[in-house]
Amino acid sequence: MMILIGWKGLIAQSKPDSLRKHVVKLCAYPTSRSMVHPVYLTKAGGYIEKNFRSYSSRVQLQKYVFREDTVFNVMASFGPEDAPRLIIGAHYNVSEGVPGADGNASGVSCLIELARLLQRHQGNLEIRIDLVAFTLGGLEWAKLNFSGSNQFAKSLIEDSVSVLGMLNLDAVGFYSDAPGSQHYPMAHYAWMHGRRGNFLALILWPGTGLFPRVMRGLLMQYTTGLRVVKFKPIVPFEGFTDGDHMNFIQYKIPAMLLTNTRGFRNKYFNHDLDTYETLDYFRLSKTTDMLYRALIRYRP
């Protein structure tokens with residue numbers, strides 16, 4: 001791992017091997033980490049909690065009951081306790097019968113690696129950063145009131161928490177440089193951005209205030225080795241713009257989505273071939289580094 005001297009101390013870099021290790025672990029259960037097999041959903045949440053506790057003394061479980069089973073979100077916090085918060089979230093459950101490497105062990109591995117990187121900056125951060133792994137999230141569950149992201153966003157409003165904004169990491173590990181590997185919900189996007197699935201998409205939602213624009217500007221300063229493309233659709237497109245961030249937007253919390261566009265690029269997405277071998281850990285690492293460097297420099 002390289003260490004760079006920079007902002008108020010040491011600037012670390014993420015480890016592709018660590019990201020791969022977390023994806024492999026989350027995809028290695030005998031059956032899917034879903035509500036059909038709640039024991040493995042619980043084990044996945046426990047794995048995230050264990051890793052978070054290695055890097056933060058402020059780890060919480062937000063538990064609630066769904067269909068007679070106790071499910072939970074996992075949160076690790078960094079920075080001043082009472083400062084305005086920035087939420088980075090990713091769901092850790094999957095649909096039944098799929099390993100869910102890209103969707104969404106990729107996003108969760110990014111959260112765990114961010115926790116490792118942020119631990120060294122506890123005394124320098126001017127905002128509070130909450131890394132949250134959501135249960136019952138993703139395209140299948142996110143629109144429902146009992147999804148983990150809905151429960152979490154609602155609790156922020158009920159507790160009158162000052163939230164700067166939310167970033168949703170959903171499918172950030174699959175890339176392809178092959179011609180024709182990228183598809184879109186609207187034809188003109190192909191003309192604008194090309195048909196190679198070699199970029200990370202930042203999807204901003206109209207009417208969500210200044211935060212997405214400020215956050216995008218900060219992220220774009222640290223895109224070394226990673227192509228990043230902004231989208232701001234004026235209408236929602238299923239599978240392209242939806243996800244757990246929409247639960248924050250419905251509570252008037254500014255939010256944005258970071259994704260590889262899921263099934264519009266990855267033909268394995270939400271299928272049994274969405275395995276750890278298909279991911280690009282180099283570009284997943286670049287995504288993690290971009291987020292890390294932007295987060296430690298964010299000012300309220």
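Student: What does the protein chain average for pLDDT?
Tutor: The average is 94, and 97% of the residues score at least 70. pLDDT is the predictor's confidence in each residue, from 0 to 100.

Student: Where does pLDDT stay under 50?
Tutor: Over residues 1-7. The model has 22 contacts for them beyond four places in sequence, a contact being heavy atoms within 4.5 Å. Where pLDDT is low, the predicted coordinates should not be read in detail.

Student: OK, the sheet. In what order do the strands come?
Tutor: The open sheet has 8 strands, in the order β3-β4-β6-β5-β7-β10-β8-β9, with mixed pairing. Strands (E, at least two residues) and helices (H or I, at least four) are DSSP runs, numbered from the N terminus. Two strands pair if DSSP finds at least two bridges between them.

Student: Which strands stand at the edges?
Tutor: β3 (59-66) and β9 (227-231). Each has a single partner strand, so one side of each is left without a neighbour in the sheet. From one strand to the next, the twist averages 20°. For angles, axes are lines fitted to C-alpha atoms, for helices over the stretch in contact, and values run from 0 to 180 degrees between N-to-C directions.

Student: How do β3 and β4 pair?
Tutor: In the antiparallel sense, over 8 bridges. They form a hairpin with 2 residues between them, and Arg67 in the turn has a positive phi of about 50°. Phe66 stands opposite Asp69 in β4.

Student: And β4 with β6, how many bridges there?
Tutor: 5, also in the antiparallel sense, between β4 (residues 69-78) and β6 (residues 128-134). Met75 has Val132 as its bridge partner in β6, while Ala76 has Leu131.

Student: How many residues of β4 are buried?
Tutor: 8 of its 10, so β4 is mostly covered. Buried means under 20% relative accessible area, exposed over 50%, and partly exposed in between (1.4 Å probe, protein chains only).

Student: Switching to helices: what does α3 lie across?
Tutor: Helix α3 (residues 101-118) lies across β4, β5 (85-91), β6 and β7 (163-169), and runs at about 140° to β5.

Student: How do α1 and α2 pack?
Tutor: Their axes are 10 Å apart, at an angle of about 155°. That makes α1 roughly antiparallel to α2; the cut-offs are under 35 degrees for roughly parallel, over 145 for roughly antiparallel, 65 to 115 for roughly perpendicular, and oblique for the rest. Lys21, His22, Lys25 and Leu26 in α1 meet Ala44, Tyr47 and Asn51 in α2.

Student: Now the loops. Is Ser14 buried or exposed?
Tutor: Buried, with a relative accessible area of 8%. Ser14 lies in the loop between β2 (9-12) and α1 (16-26). Residues that Ser14 touches include Leu19, Glu113 and Arg116.

Student: Which side chain makes a polar contact with the side chain of Ser14?
Tutor: That of Ser285, at 2.5 Å. A polar contact is a pair of N or O atoms within 3.5 Å; within protein, one must be able to donate a hydrogen and the other to accept it, and residues adjacent in sequence count only if both atoms are side-chain atoms.

Student: And Asp82, buried or exposed?
Tutor: Exposed, at 77% relative accessibility. Asp82 lies in the loop between β4 and β5.

Methods:
Residues are numbered from 1 along each chain as its sequence is written. This is a predicted model: local features need pLDDT of at least 70, side-chain atom pairs count only at pLDDT 80 or more; totals for chains, interfaces and linings use all residues. Side-chain values use heavy atoms; hydrogens and water are left out.
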